Amino acid sequence: MTMEETDIKFQTDISSEHDVQMGNFALDPVREKKLLWKLDLCICPLVMLIFLVAYLDRSNLGNAAVAGMPEDIGLVGNELGSEATPYRAPEVVANKCKSDAVSLFYATYVFFEIPFSMLLKKLRPNRLISALIIGFSASVLAGGFVKNVAGLYITRLFLGVFESGLFPCLTVLLTTFYKREEQAQRISYLFVSAALSGGFGGLLAFGLVRLDGASGLEGWRWLFIVEGLMSAVVGIATFFLLPNNYETAYFLNEEDKELMRMRMQQNARYADSEEFDVKEVWKTLRDPKSWLTSFNQICVNTCSFGFSTFLPTIIRGFGYDSVRTQLLTVPVYIWASAFYLVVANLSDRVSMRAVFMVPLCLVTAVGYALMLGVDVHARGPLYFATYVCVTGIYAVVGLGVSWNANSHSGYYKRAMAVGLQQSIGNCAGLIAGQIYKSPVNGRYVTGHSVSLTTICLAFFGNAGMWMLLRYHNTKRAQMSPEERERIVSSGSYEKKGGDFHPDFRYIL
């Protein structure tokens with residue numbers, strides 16, 4: 001090799017090394033597509049199963065209520081609350097206000113979301129998430145043996161503690177395997193699992209309550225016991241099957257891992273130290289995006305929690321009997337799940353969030369307006385209005401979670417942002433149970449009115465988020481090379497790191 005050829009090779013190697021360090025290189029799309037298929041097949045089904053059993057265990061209180069639990073443990077009045085299917089004791093309708101049982105669940109639920117999301121990396125995902133599943137499994141299993149109201153309250157408190165970490169931890173875990181433009185579709189699987197749990201939970205309850213009297217136990221107790229044991233099995237499987245990261249993933253070969261390293265390297269220049277630093281926490285708390293997305297989330301969650309909890313009650317208010325009411329809820333959830341999957345896929349393909357979220361807020365608003373304005377005896381149009389409402393609810397909630405995760409770079413800044421958004425957003429559970437108290441002439445005026453108001457606030461909030469991120473993208477695009485270099489070399493932790501890096505561009 002001549003001296004000239006050696007110099008050329010040396011310069012090429014240096015250039016290639018620099019490109020890898022800066023993430024300025026192209027990946028083989030065929031190899032990347034095969035890798036994504038492998039990730040989807042080995043991670044997403046397990047994540048969906050985890051969230052499915054979590055929602056089953058969270059919502060089984062309603063199924064137990066109609067199977068005789070209230071009378072067996074001396075539960076009266078409104079102590080069950082919004083997550084329970086209304087039961088009729090003598091001259092008492094149990095769904096008139098938020099229950100102590102559900103309030104206690106959310107009290108611990110919102111408190112522990114941030115700590116668990118921040119501890120995920122240190123404690124390792126397979127260990128922490130499996131421990132959380134085993135924990136809420138034990139809580140549900142204990143619910144099958146409660147003798148009084150106090151026992152029910154204690155089990156719901158612990159259920160809130162252990163379930164609180166699942167959604168933020170699973171969301172953060174998915175962001176470590178998928179790039180920003182791939183995350184909306186994968187996070188959508190969590191919400192689809194939640195929707196599917198409604199139909200599956202009803203079928204499971206229908207079969208289990210028929211065990212009434214077996215081994216001297218009431219049917220509703222078998223519901224808690226069997227669902228608790230099912231969740232425990234999932235928890236044990238999670239410990240062995242859930243990967244902590246791509247380097248230790250059992251289903252990836254060395255070629256796959258090398259491709260994953262290259263994928264992650266493309267974003268490495270925006271990720272500050274991956275070690276825990278309290279500065280990342282304060283950085284998140286001082287970031288306006290964190291609070292704006294949290295505000296948007298509590299607005300749309302108010303609609304989501306109210307709609308999903310009270311949909312059977314709402315439909316029954318249209319004049320349908322109990323059996324037909326249960327059947328009519330199923331296609332609504334199927335439509336919501338299918339539509340959300342399509343929207344999430346499109347959102348990732350075009351790398352845009354607001355273009356879907358903002359208009360869908362208005363679609364949902366139209367649905368609530370129909371339920372408030374259509375004649376109370378017009379069952380067909382009122383039932384159609386439920387489809388209009390749910391068209392936007394799941395999509396806006398799910399894309400909001402993805403958008404928030406996409407807008408924070410650096411592992412711990414992102415983990416803190418996800419935890420904060422979920423903690424504030426899930427406070428909507430306390431609101432939703434209070435607004436659907438009782439109907440006025442067959443119509444839930446307060447619930448629909450508050451939901452209409454909050455979805456309109458979410459419309460303005462998400463539009464504001466789009467304008468804020470667009471402003472930052474435009475400002476950075478117009479930076480002169482000298483100004484950019486000055487910021488990068490300034491050593492300013494706040495200005496140059498993570499998503500504050502002058503080369504970072506937000507997904508709009």
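Me: How many Å does helix H16 reach from its first C-alpha to its last?
Reply: This is a predicted model. Helix H16 covers residues 379-406, which is 28 residues. At 1.5 Å a residue, 40 Å is expected, and the reach of H16 is close to that, at 42 Å.

Me: Is H16 largely enclosed by the rest of the structure or largely exposed?
Reply: Buried means under 20% relative accessible area. Of the 28 residues of H16, 24 are buried, so the helix is largely enclosed.

Me: Is Ser 304 buried or exposed?
Reply: Ser 304 lies in helix H13, residues 288-316. Beyond four places in sequence, Ser 304 is in contact with Ile 393 and Val 397. Its relative accessibility is 12%, and the limit for buried is under 20%, so Ser 304 counts as buried.

Me: Are H6 and H10 roughly parallel or roughly antiparallel?
Reply: H6 (residues 125-143) and H10 (residues 219-241) pack with their axes 8 Å apart, at an angle of about 170°. Angles over 145 degrees count as roughly antiparallel. H6 is therefore, relative to H10, roughly antiparallel.

Me: How many residues of the contact of H6 with H10 are nonpolar?
Reply: Ile 129 and Phe 136 are among the H6 residues there, and Trp 220 and Phe 224 are among those of H10. Besides eight polar residues and one charged, the contact has a nonpolar count of 14.

Key: Residues are numbered from 1 along each chain as its sequence is written. This is a predicted model: local features need pLDDT of at least 70, side-chain atom pairs count only at pLDDT 80 or more; totals for chains, interfaces and linings use all residues. Side-chain values use heavy atoms; hydrogens and water are left out. Helices (H or I, at least four residues) and strands (E, at least two) are DSSP runs, numbered from the N terminus. The expected span of a helix is 1.5 Å times one less than its number of residues. Buried means under 20% relative accessible area, exposed over 50%, partly exposed in between (1.4 Å probe, protein chains only). Contact means heavy atoms within 4.5 Å. Axes are lines fitted to C-alpha atoms, for helices over the stretch in contact, and angles run from 0 to 180 degrees between N-to-C directions. Angles under 35 degrees count as roughly parallel, over 145 as roughly antiparallel, 65 to 115 as roughly perpendicular and the rest as oblique. Ala, Val, Leu, Ile, Met, Phe, Trp, Tyr, Cys and Pro count as nonpolar, Asp, Glu, Lys and Arg as charged, and the others, Gly among them, as polar.
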